[in-house]
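The sequence and the structure are shown first.

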Amino acid sequence: MSIDRKTIVNWVAREVMPHERRIRSWLRRLQIDRDEIDDLIQEAYCNLSGLDHIAYIASPERYFFLTVKNILNDKYRRAKVVRIETMAEMDSLGLACDEPSPEQIISDRREWETVARCIRDLPARCRRIFELRKVHGLSQKHIAKALRISESTVENEGVKGMRLILQALRNDDETGASHTRMKYDAYRNSRRN
């Protein structure tokens, strides 16, 4: 269900408009004409005011920036001649997008899977204490009381868990690096033959 237009217009005024100066500054660095900057900003405001929903927008500034950037990209896509410097400047944005790249998402996902596997491989009591302490954020005192063990045992098991996870990650890095090195050496040797 969409929200009423007045609510969205008020949201644009309150959450988006304060970031206009920064967007204009970025557009000036791209050496875009002032009149064209006004048109881009106006079109972005129209697009934002025409939204049916705003609840999914976590960062109004970033959303505003990406809206302007997309309008500009569309304009350049339709243009017959585009300055190379402008396109290069757009790629090295002064207002960096907080969105991770697809490569970063995959890398983070693999790293999380590795850490999750390391946690799963911990001894049972150590894993339980580690999860309660590090994942759920419970205090040592609370864990000790819940598991009917001493606080020093909770502390020792937590340290043990962290040490085992770090060791497993180091071993994984070394294995991955040597695997990559072996693949490179095999490739290099095949190119020689």
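## Loop residues with positive phi

Gln31 is placed in the loop between α2 and α3. Helices here are DSSP runs of H or I with at least four residues, strands are runs of E with at least two, and both are numbered from the N terminus. The model is a predicted one, in which local features need pLDDT of at least 70 and side-chain atom pairs count only at pLDDT 80 or more, while totals for chains, interfaces and linings use all residues. Residues are numbered from 1 along each chain as its sequence is written, and side-chain values use heavy atoms, with hydrogens and water left out.

Although Gln31 is not a glycine, its phi is positive, at about 60°. Gln31 has a relative accessible area of 58% and is therefore exposed; exposed means over 50% relative accessible area, buried under 20%, and partly exposed in between, with a 1.4 Å probe and protein chains only. Arg148, in the loop between α8 and α9 (151-192), also is a residue other than glycine with a positive phi, near 60°. Arg148 counts as exposed because its relative accessibility is 78%. Most residues other than glycine have a negative phi.

## Overall architecture

The protein comprises 9 helices and 0 strands. Of its 193 residues, 26% are buried. Among contacts with a separation of 6 or more, 66% join residues 24 or more positions apart, where contact means heavy atoms within 4.5 Å.

## Packing of α2 against α3

Two packed helices are described by the angle between their axes and the distance between the axes. Helix α2 (residues 20-29) packs on helix α3 (residues 34-49) at an angle of about 135°, and their axes are 10 Å apart. This angle makes α2 oblique to α3. Axes are lines fitted to C-alpha atoms, for helices over the stretch in contact, and angles run from 0 to 180 degrees between N-to-C directions. Angles under 35 degrees count as roughly parallel, over 145 as roughly antiparallel, 65 to 115 as roughly perpendicular, and the rest as oblique.

On the α2 side, Glu20, Ile23, Arg24, Leu27 and Arg28 make the contact, meeting Arg34, Ile37, Asp38, Leu40, Ile41 and Tyr45 of α3. The residues of this contact comprise 6 nonpolar, no polar and 5 charged. Ala, Val, Leu, Ile, Met, Phe, Trp, Tyr, Cys and Pro count as nonpolar, Asp, Glu, Lys and Arg as charged, and the others, Gly among them, as polar.

Helix α7 (residues 124-135) has 12 residues and should span 16 Å at 1.5 Å a residue; its end C-alpha atoms lie 15 Å apart, which agrees. The expected span is 1.5 Å times one less than the number of residues. Cys126, Ile129, Phe130 and Leu132 are the buried residues of α7. Just after α7, Gly137 adopts a positive phi of about 70°.

The axes of α7 and helix α8 (residues 140-147) come within 10 Å and cross at roughly 140°. Arg128, Ile129, Leu132 and Arg133 of α7 meet Gln140, Ile143 and Leu147 of α8. The residues in contact divide into 4 nonpolar, 1 polar and 2 charged.

## Thr67 in helix α4

Thr67 belongs to helix α4 (residues 60-78) and counts as buried, at 12% relative accessibility. Leaving aside residues up to four places away in sequence, Thr67 touches Ala44, Asn47 and Leu48. Thr67 and Ala44 are 23 residues apart in sequence, and their C-alpha atoms are 6.0 Å apart in space.
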